[in-house]
Each structure stands twice: as structure tokens, then as C-alpha cells.
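Here are my notes for a colleague who is opening this entry for the first time. Please keep the view at hand while reading.

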Amino acid sequence: MVDRTLPAYLAGTTALALSFVILSPSAKAADRKPADQSESVDTASTTGHAGKPSRSGAPHRDVRNSTQAHDGQVHDGKARTIRSSGEESVSIQGKRQANWVVTPVTAATIANYVPGTNALKALSVLPGVMYNSGDPQGLNLWGQSFLMHGFDQSQIGMTLDGMPLGDQQWSNSNGLSPSAAISSENISRMDVSASAGSEGAASISNLGGTVQFVSRDPSHKAGATINQTFGSNAMFHTFVRADSGDLNQQGTRFWVSYMRNDTSKWRGGQNQFMQQVNSKLIHPIGHDSRITAFFNYADEQMQNYQDYSMNMFRNGGYYIDNLLGTPGGYETAYRLALAQNGRPGGAVPAAYQKLQSPYTASFYDGAGSQRQYFGGVTADLALTNRLRWNTTFYGHRSWEVGTVTSPLLESTTGAPFVEQATIPTTRRFGLLSSLTYTIARNEINGGVWYENTHFNADKRAYDEPLLEDVLSGAARPVDGLHLDSAYQREYEQVFNTNTFVAYLQDTYRPIDTVALHFGFRSVLNTTRVGELANWEPYTRTTAIAGGDGLTTAKPFLPHISGQWSFLPGHQVYFDVANNVKVLPVSGYNSGTSPFATTQAAFDASRGGITSETDWNYAVGYRYNSRIIDGNVYAYHTDFSNRLQKISSGNPNNPYTVISNVGNVAMNGVDAGIVLRPVKGLQIGSSISYNHATYSDNVTQTTTGGIVTYATRGQQVVAYPRLMYKGQISYRWRDAEVHVDTQFIGQRNLSYTGDEKVPSYWLTNAGVRYNLTSLIGRTAGASVFKRVSLDFNVYNLTNQHYISTMGQNGFPMSGDYQSVVLGAPRQYFGSVQVDF
């Protein structure tokens with residue numbers, strides 16, 4: 001276990017933060033005040049449609065620092081105001097990237113959620129976006145997923161201050177989760193594109209758009225923020241951040257923060273713990289250049305929630321979970337494993353008697369832990385008044401452990417199960433460099449990105465003790481956070497990946513009301529894999545993938561877009577782009593990767609395996625005024641060579657194949673409106689329709705012969721055809737109240753659509769009160785800049801529903817234990833003080 005004390009981290013990491021630091025955005029910025037939770041929320045969607053209205057009810061929000069543009073964004077040094085398709089006005093410095101479907105979702109929106117909540121959850125206010133999690137805050141990475149317009153998180157590019165966060169599989173071989181990269185309280189903005197995204201975005205998986213996180217700049221004035229939150233299931237969240245203010249006449253300044261989140265699981269036993277340290281430094285150079293640095297350390301130790309099947313959902317109740325931390329948990333799991341293996345002493349709990357697969361309904365434990373070190377440094381230099389040079393060097397080191405107590409193998413002690421641990425590690429470094437040149441009516445930007453990644457996939461089996469030794473106190477059970485017994489290496493693979501991307505783009509403005517964008521990117525990615533260990537009792541094969549590699553090469557991926565502003569408040573735009581996702585990397589049986597299979601299957605597929613590609617087409621119209629904002633966004637996607645993880649058998653060690661399920665044709669539309677009929681009141685509503693179907697049937701060779709599955713015309717798995725979102729908020733003086741609801745339509749669990757997850761409504765509510773003026777009237781002068789109280793209720797109606805899907809893969813047909821339950825009603829209260 002890692003030392004959880006605050007002083008141990010703050011003392012060591014503050015120094016580290018100033019010497020080993022991460023990429024920061026490139027524009028010279030003015031100071032941003034900490035997000036005022038009483039200000040309005042941006043409702044602009046990724047695609048320019050109305051999203052969620054402010055929970056505060058304030059009609060406009062003034063953001064006082066720069067856009068902090070990067071990745072091909074052009075800086076003109078002029079202040080300008082962009083009116084989003086929602087109610088928010090955003091004051092920025094410089095121009096955003098030339099992609100008209102990019103929309104900022106700011107810190108004000110994130111602040112409307114329970115402190116410490118995964119920032120991706122804040123994006124669920126946008127039409128076409130769906131965020132799922134097994135816990136209310138979305139911090140348990142095994143039980144969370146993010147989908148946008150039919151694409152899952154592994155097909156959406158994500159960056160932090162331009163730095164690549166990878167393909168977002170659970171065992172992320174080339175990055176880390178956004179929640180593990182930065183505390184949500186330190187995010188100033190998320191730029192979201194449900195279309196192509198920028199050519200300069202450092203991603204090789206952005207088939208379905210991009211999410212680019214931008215960190216908060218240090219303040220010019222010294223200060224501090226403290227937030228303390230309490231909630232259901234003994235939830236305890238602490239966040240502390242200190243700003244240095246300007247240290248010299250140049251304006252050198254930094255901030256450092258510490259976050260700690262500790263909560264019990266809402267079902268089952270044990271808890272979920274996370275702590276994180278962030279720091280950011282800015283050193284201005286002259287009038288319009290700067291050096292920026294950022295550092296992140298994250299430590300997570302969490303017991304996961306047990307995966308459900310639809311049979312368990314219908315017949316087993318809502319509170320089945322793993323058994324660690326429950327009375328007699330080890331004995332119950334021990335006897336359940338004995339029963340599964342037909343050994344004397346076995347017993348199945350009475351509550352599991354009606355289940356089709358009672359033996360996999362609960363295991364002794366399933367845990368996940370990780371440590372992340374993420375850092376880099378950026379130089380953003382104004383070489384002339386027309387030419388800028390931005391260069392970043394970054395590094396990342398990751399250790400992860402994911403475990404489950406598996407009854408499929410017997411311990412050498414004679415116990416009927418083992419503790420299986422997947423232990424991936426990542427070491428990577430990279431360089432991004434770009435030049436931006438402004439001439440006449442053109443803004444020309446080009447750049448390169450290189451990354452080297454070393455990824456090691458290691459799986460081990462740890463011996464569990466005999467039951468009589470545990471009952472007598474002579475031995476302690478092994479669990480995922482205490483791996484201290486002898487082990488057998490089940491397999492080990494090592495991967496070395498080199499990625500090179502180059503791009504060029506130009507935004508041309510023939511007249512003031514028209515802008516046209518032309519660009520392309522080139523991608524070259526090569527991965528070599530080596531087999532270091534293979535234990536046949538587990539892998540069931542004489543050899544797993546090793547000794548060779550695969551290459552993705554796409555020299556020309558074009559992107560064209562345009563925008564026309566006509567009449568006051570009216571705008572139309574279009575976007576067309578071709579993109580690729582390079583062949584992903586995963587260890588054996590652990591991800592949607594051609595490397596995650598046997599040597600024979602790998603050799604057979606090497607000649608025909610093809611990277612996923614798509615063409616995205618989008619058109620949109622938006623209208624903004626003081627009282628009403630409305631917009632419509634329509635899109636069509638031709639998706640080729642879709643790779644899917646198809647699983648069968650026990651979820652602890654399934655028979656998994658990576659199959660090309662053919663092409664997908666997708667058509668969709670989002671429409672939204674925000675009304676502000678009277679001061680302080682906002683009403684928002686949006687609807688999304690997505691018709692994404694497989695173009696081909698799938699044929700597979702099974703033990704029973706060749707089987708053809710009727711997938712043609714079926715909606716893609718995990719994503720609904722219909723979503724609706726509605727919000728209402730009202731602010732009166734220092735108090736505000738808000739309610740938001742969303743409808744998620746029926747989703748396919750199986751590729752043939754014969755097993756579906758039911759639709760559901762999810763409603764949240766909250767109130768907030770700003771005590772600052774009250775304290776000032778009562779106490780006179782105060783050291784506090786702001787004091788506020790928040791109270792939030794998650795899942796107000798206590799809906800029982802299926803949240804995340806497919807974490808263990810999807811079946812071709814029928815049921816499979818690969819869904820996660822959403823949390824029931826939860827309560828949270830917090831107090832925040834700014835000094």
C-alpha cells in the first residue's frame with residue numbers, strides 16, 4: 001500500500017512539479033479567476049446545439065483568461081468574444097482552432113457536479129454524448145465509459161494541454177484516463193468536437209472526434225482554494241490549491257494542488273480511494289512568449305463493482321457484488337468455487353439459485369490500482385508578429401494492477417481459486433512541434449508529433465490460502481490490493497511502438513463573414529510484439545502473439561470545413577474529414593487488439609488485418625439571441641473495417657476473438673434549444689437520434705461448424721438510437737436551484753440485437769447558496785474572497801438501471817456478464833472557501 005499522508009506528497013511533489021513538468025497550452029494568457037460556481041454554465045454542445053442550461057441561472061459568463069490555444073490554433077493577440085450556442089459568452093485571447101463544430105465546455109459546468117467527479121461526466125450535458133459509470137463520481141475506471149455519436153472512448157482522441165492521453169482502453173498502453181491526468185478542479189475548459197477534430201490533435205484514435213482538456217493557468221494574485229465534500233457511503237473529498245501569485249516583474253507564477261477522495265462502495269464491501277497532486281508553472285518571456293510546465297501524480301486503489309449479466313439484473317436483485325469486506329466473505333467465495341469445480345464442501349448461496357450462472361455472480365474480490373507520473377514542458381514563442389513556434393516535450397510512467405479471484409484455476413495450496421492480476425506498465429516520451437504563420441487572409445499551421453511507447457503486459461496468478469488456515473487465523477486471504485504471496489506468471493508480452501504524425505492546415509477568410517478551412521494529416525505507426533512468457537493452463541495455447549509487428553500508414557487524410565455568418569445571430573457550417581485509428585495494442589485476451597490473441601490467430605490475420613477508418617460529414621445551423629438559442633446538427637459517417645472484441649465463456653478467462661465486423665453506416669441529428677424567458681430562469685431541452693447499423697453479417701468458424709450471425713441492419717452495440725436531455729434552473733439573489741434529467745434509449749448488448757439493455761430516465765437535482773455577502777454583512781471585513789455551500793442529489797428517483805456496457809466484450813448473440821449497474825440515489829454536500 002502507498003503512504004496516503006498529505007505531507008509526504010506535498011513535500012516531494014512540489015519540487016518535482018517545478019523540474020519535471022507537462023505540456024501546457026501555448027498562448028500568452030491574462031489571469032483567470034477561479035470558476036465562480038454562481039456563474040452560468042456553458043450549454044454549447046460539441047456540435048453547436050443547445051445543451052445544458054446553467055444550474056445557477058445566470059445568463060452570461062465572463063471568462064477572463066485566454067483560450068490557451070494549441071495544436072494548430074492561431075494567435076492574433078486580440079481579445080474577442082465568442083457567443084456559444086448556449087447562453088454563455090466567452091472572452092478569449094486569440095482564435096480557436098479552425099473547426100466550427102468545436103465547442104468549449106468550461107469549468108463552470110464542471111463545478112455543477114459533485115467535487116472530484118470525472119470531468120468527462122460534465123460532457124454528458126451535450127446532445128449525442130453519453131457518459132456511464134458504476135459509481136456516482138465516475139472515478140472507478142473499470143466501470144466507466146464515454147461514447148459520442150456512436151463511437152466509444154477508444155475511438156475518440158483525448159489530449160491534455162495538447163498532450164496525448166491515448167486510446168482510453170482500460171489497460172491504456174499509450175496514455176491514461178483524464179481523471180488520472182488532472183484533478184477536475186484544475187480544468188479550465190474542455191474543447192469537444194463530435195466531428196473530425198483538429199489535424200494537430202495528438203491522437204491516433206480520433207475516428208469519432210476529440211476531447212481536448214485545457215488546464216487552469218496560475219493566478220497573478222496569491223490565493224488559495226479549499227473544498228470539503230461529504231456524501232453517501234462515507235464519501236470524503238478534500239481539495240486544496242495554492243496560487244503563488246506573480247513572483248517577479250515578468251509574471252512568473254505557479255500553483256500546486258492536492259486532492260484526496262475516499263468513499264465506501266454503494267454495494268458490497270471495501271472502499272475506493274484516490275489521491276492526486278498537480279502543479280503548473282508559467283514563465284513569461286517578453287510580451288508574447290512563455291515557458292509552461294505541468295506535473296501530475298495520481299494514486300488510485302479501488303475495489304471494483306462486480307459485472308452483471310442481464311440474467312442477474314432480472315433475477316438476482318440490484319445488490320449482488322464481490323464478497324471481500326462482507327461477513328464470512330472468504331468462506332462464501334471459497335465454497336462457491338468448490339461447488340463450481342464439483343468438489344466436496346461446495347455451496348451456492350440461496351439468493352443465487354435462480355441465476356443461470358450462479359458461480360460467476362460473485363467472486364472474492366476484483367480490484368484496480370494505478371500510479372501515474374505525467375510531465376512535460378512547453379515553449380510557446382512569438383518569433384515575429386506573424387510567426388509562432390510551439391514545442392513540447394513530455395514523458396509518462398504508469399503502473400497498473402487489475403485483479404479478480406478466479407475459480408478457473410486452483411492454487412498450489414489446494415484452495416479452489418487463485419488471485420489473478422493483470423499488471424500493465426507503460427513508459428513513453430514524445431515531442432510535438434508546430435509553426436503558425438499569418439499572412440493576408442490566411443492562417444497557416446503545420447507541425448509534427450513523434451512518440452515512442454514501451455508497454456509491458458504481464459498477468460500473474462497468486463495463491464490463495466486454505467479456508468481452515470484463514471478461519472484459524474494462520475493465513476490471510478490475498479486480495480487485489482495486497483498481492484504478497486507466491487505467483488505463477490500466466491503470460492507476458494512486451495510491445496514497442498513508434499508513432500509519427502505530420503499535418504498542414506490553412507484557414508482562409510475571403511470576406512469577414514466567411515471562413516474556409518483546408519488541411520490534411522499523415523500517420524505512420526509501427527508496433528512490434530514479443531512473447532516473454534506463456535503458461536498453457538491459462539492461455540490454452542502453445543504460443544501467444546509475439547515475434548513480429550504491424551504497421552499503419554496513411555499518408556493523406558484530408559479535412560475540409562467552412563462557416564458562414566449571416567444576419568445577426570445566424571450561422572451555418574459544414575465539416576468533412578477522413579480519419580484512421582491505428583491498430584490498438586493490448587495484452588492477451590485483454591482488449592480489442594489484433595495482438596490480444598494466439599500466435600496462430602495473429603499469423604492468420606496479419607495479412608488481412610486493416611485499421612479502422614471513416615469519413616465524417618456534418619452540417620449545422622445555430623441561432624443565438626438574448627432570449628433564445630437554438631441549433632440543429634446533422635451528420636453522416638461511413639465507418640470501414642470496424643474491429644470488435646467478441647467474447648464467450650467465463651468472463652475471467654473468456655474465449656476472445658478480434659473480428660472485423662464490417663462497415664457501419666451512421667446517420668444522426670441533434671437539435672436543441674435554450675430559453676431565458678425571465679431573469680434568472682433558464683430552460684433547456686435537446687434530443688439526439690442516431691441510426692448506426694452494421695452493413696454486413698458476420699461469419700465465424702466455431703466448434704459446431706461455420707455460423708453466420710445476422711448483424712446486418714442492427715444498431716451498433718452499447719449506443720442508443722434516441723436520447724433526450726432537459727434542464728431547468730433558477731437563481732434568486734445568492735441562492736439557486738437546478739434539476740436536470742436525461743432519457744437513454746434501449747441499447748444492444750449482443751451484435752445480433754437479440755439481447756438488449758432497457759431504457760431509463762436519470763434525474764439529478766441540487767441547490768447552492770453563496771455565503772460571501774452574508775459573511776461580509778455579519779462580520780464586516782473578511783479574509784474570504786468567496787464562501788459557498790452546495791447540496792446535490794444524484795439519481796433523484798432512485799432508478800435501477802444499466803450503466804456501462806461491454807467492459808468484458810460483447811457476445812454475438814444472447815446474454816453475457818459484461819454490464820455495470822448504475823448507482824442508486826446518493827446525497828452530497830460541500831463547502832468551498834476561496835482566499
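1. **Basis.** This is a predicted model, in which local features need pLDDT of at least 70, side-chain atom pairs count only at pLDDT 80 or more, and totals for chains, interfaces and linings use all residues. Numbering starts from 1 along each chain as its sequence is written, and side-chain values use heavy atoms, with hydrogens and water left out.

2. **Main core.** The largest nonpolar core has 102 residues. Such a core is a set of buried Ala, Val, Leu, Ile, Met, Phe, Trp, Tyr and Cys residues joined through side-chain atoms within 4.5 Å. Buried means under 20% relative accessible area, exposed over 50%, partly exposed in between (1.4 Å probe, protein chains only). Leu123, Phe146, Met190 and Phe213 have the most contacts inside this core. Leu123 touches Val105, Val129, Phe146, Met190, Val192 and Val211, leaving aside residues up to four places away in sequence. Contact here means heavy atoms within 4.5 Å.

3. **Sheet.** Five strands form an open sheet in the order β3-β9-β10-β7-β8, with mixed pairing. Strands (E, at least two residues) and helices (H or I, at least four) are DSSP runs, numbered from the N terminus. Two strands pair if DSSP finds at least two bridges between them. The edges are β3 (102-106) and β8 (163-164), each pairing on one side only. β7 (residues 157-160) runs antiparallel to β8, joined by two bridges. Leu160 stands opposite Met163 in β8.

4. The structure holds 21 salt bridges, each a side-chain nitrogen of Lys or Arg within 4 Å of a carboxyl oxygen of Asp or Glu. Asp321 and Lys265 form one of them (2.5 Å, N to O). Asp321 lies in the loop between α5 (310-315) and α6 (329-340), and Lys265 in the loop between β13 (253-264) and β14 (271-285), so the pair ties together parts 56 residues apart in sequence. Asp321 is buried at 3% relative accessible area, and Lys265 is buried at 7%.

5. **A strand-to-strand pair.** Asp458 and Arg489 form a salt bridge, with their closest N and O atoms 3.1 Å apart. Asp458 sits in β19 (residues 442-463) and Arg489 in β20 (residues 487-511), so the pair ties together parts 31 residues apart in sequence. Asp458 is buried at 4%, whereas Arg489 is partly exposed at 25%. A network of salt bridges links Asp458, Arg460, Arg489 and Glu492.
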